[in-house]
Amino acid sequence: MEKHIQTPITQDLAVTLQAGDMVYISGTIYSARDAAHKRMFEALKKGESLPIPLTDNVIYYLGPSPAREGRPIGSAGPTTSGRMDKYTPQLLDKGLRGMIGKGKRTEAIKEAMIRNKAVYFAAIGGAGALLSKCITASEVIAYENLGTEAIRKLEVKDLPAIVVMDANGNCLYQ
Amino acid sequence: MKTIQTNKITEMIKEMCIEANYFLTEDMKHRLDASYTEETDPLGRQILSILQDNLKIAGEEMIPICQDTGMTVIFMEIGQDVHFEGGDLNAAIQEGVRQGYEEGYLRKSVVKDPIERVNTGDNTPAVIHYEIVPGDKVTITVAPKGFGSENMSRIFMLKPADGIEGVKNAILTAVKDAGPNACPPMVIGVGIGGTFEKAAILSKKALTRNVEERSDKEWVKALETEMLEKINALSIGPAGLGGHTTAFAVNIETYATHIAGLPVAVNICCHVNRHSKRSL
């Protein structure tokens, strides 16, 4: 089914999304990949607060290419989600509702998603030029010294993605 | 004897880094278009159509095809009658990469140390493979390699008794394990023979070969054709969401090997199989 959804994503909305649904995401989301996840994981371990709000929010596993003058962002497709698996269950337990990436996840992620009613979306890997057109604003809000791996607050309009794992544990990948 | 100034090499490498990240070669584009026509799965077709649009947007609006603009792999074929002037050739190549990634708005994806992991900020160093060949020509291939697919690549040190069936299993195992992570439709580069590192380099080089031309060795050509059919019967499909376009091509290169060994390297590339090749 095709669905247009707006962030933040409440639990009530999350449970209506099913593996196989094609969704168009609009609203505010946050980018974070390997190095930013490691820093957030370490911050939580030390009992520190995180630089982004997690409750009902969506993280896009993305490290964009540099923006040309007058554009909000460069090429902006998803990176492989599995590398974030080590750090993700804790973020889900803290309220993270959605993740946009590509590729397979571990059983631990699936369990944490069911426990917290979260959704995993796949954006189309390698379609970074097209996906960048769905991002209307981008601002680095944390870990600036990580360069492309810094955390960005993004405004997206109709970003196309497919629900590959839903809040009930169904998975589209074979 | 031909004399080449190293600043000419810097200039070429810079241009080639940019070109490779915004435009695919004609054979890659043609395979993508043909796959769209041949794919029967509706979602698979939709994804292939998005990839066609993505390529068009990349070239027209100068946005890199993929945000992972790769670690830069460079093959340098240097004629033995060439003499370089103007400084360190290796430094000239790295300078070309530095300038290309800066001026081309390409992502800087290289960390200086695999454990300390601090970004070098200019995408250097590139990985450079030198080969000395007869003549007075220099042929350069710049192949930026994304790591979604690089991470799914494998090397298998098979036994001679494993034979061609062992080779087939190795290739299929690597592709199955890669699945959606490697951004299918993939291109599969395979190196068979040599030593541990020779097989790996051959598999990387195989990715830079035309995807619509088969090997001129009979058994290799048959293996390339058979493996592509088998891979496309796995139903991984575009973006790993089903369909039969799992790979565009299987390119295999071979080399002599030891009486005790049968190395097989499988270098997987995503649908953004980039390279730029020039001679001077």
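1. Conventions. The model is predicted, so local features need pLDDT of at least 70 and side-chain atom pairs count only at pLDDT 80 or more, while totals for chains, interfaces and linings use all residues. Residues are numbered from 1 along each chain as its sequence is written, chains are lettered from A and ligands numbered from 1 in the order in which they are written, and side-chain values use heavy atoms, with hydrogens and water left out.

2. Helix α4 of chain A. Helices are DSSP runs of H or I with at least four residues, strands are runs of E with at least two, and both are numbered from the N terminus. In α4(A), residues 107-116, the buried residues are A:I109, A:A112, A:M113 and A:N116; buried means under 20% relative accessible area, exposed over 50%, and partly exposed in between, with a 1.4 Å probe and protein chains only. Viewed down the axis of α4(A), the buried residues fall within an arc of 100°, so they line one face of the helix; the arc is that of the directions from the helix axis to the C-beta atoms. An α-helix has 3.6 residues a turn, so residues three or four places apart point the same way.

3. Surroundings of α4(A). Its buried residues pack against α3 (88-93), β4 (98-101), β5 (119-122) and β7 (151-165) of chain A, where contact means heavy atoms within 4.5 Å. Just after α4(A), A:K117 takes a positive phi of about 55°.

4. Sheet β6-β9-β7-β8 of chain B. These 4 strands form an open sheet with mixed pairing; two strands pair if DSSP finds at least two bridges between them. At the edges are β6 (154-158) and β8 (247-257) of chain B, each pairing on one side only. From one strand to the next the twist averages 15°. β6(B) and β9(B) (residues 262-269) run antiparallel and are joined by 5 bridges, with B:R154 opposite B:V266. Helix α8(B), residues 218-232, packs on this sheet, touching β7 (186-194) and β8 of chain B, and its direction makes about 140° with that of β8(B). Axes are lines fitted to C-alpha atoms, for helices over the stretch in contact, and angles run from 0 to 180 degrees between N-to-C directions.

5. Sheet β4-β2-β5-β10 of chain B. This open sheet of 4 strands also has mixed pairing. β4 (127-133) and β10 (276-279) of chain B each have a single partner strand, so one side of each is left without a neighbour in the sheet. β2(B) (residues 71-79) runs parallel to β4(B), with 7 bridges between them, and B:I78 stands opposite B:I132. Helix α1(B), residues 6-22, lies across β2, β5 (138-145) and β10 of chain B at about 40° to β5(B). Helix α7(B), residues 196-206, lies across β2, β4 and β5 of chain B at about 95° to β2(B).

6. Helices α2 and α3 of chain B. The axes of α2(B) (residues 26-38) and α3(B) (residues 42-61) come within 9 Å and cross at roughly 150°. The two are therefore roughly antiparallel (over 145 degrees; under 35 is roughly parallel, 65 to 115 roughly perpendicular, the rest oblique). Residues making the contact include B:L32 and B:Y36 of α2(B) and B:L48 and B:L55 of α3(B).

7. B:E39. This residue is in the loop between α2 and α3 of chain B and counts as buried at 2% relative accessibility. Beyond its neighbours within four places in sequence, B:E39 is in contact with residues including B:R45, B:P238 and B:H244. The C-alpha atoms of B:E39 and B:P238 are separated by 9.5 Å, with the two residues 199 apart along the chain.
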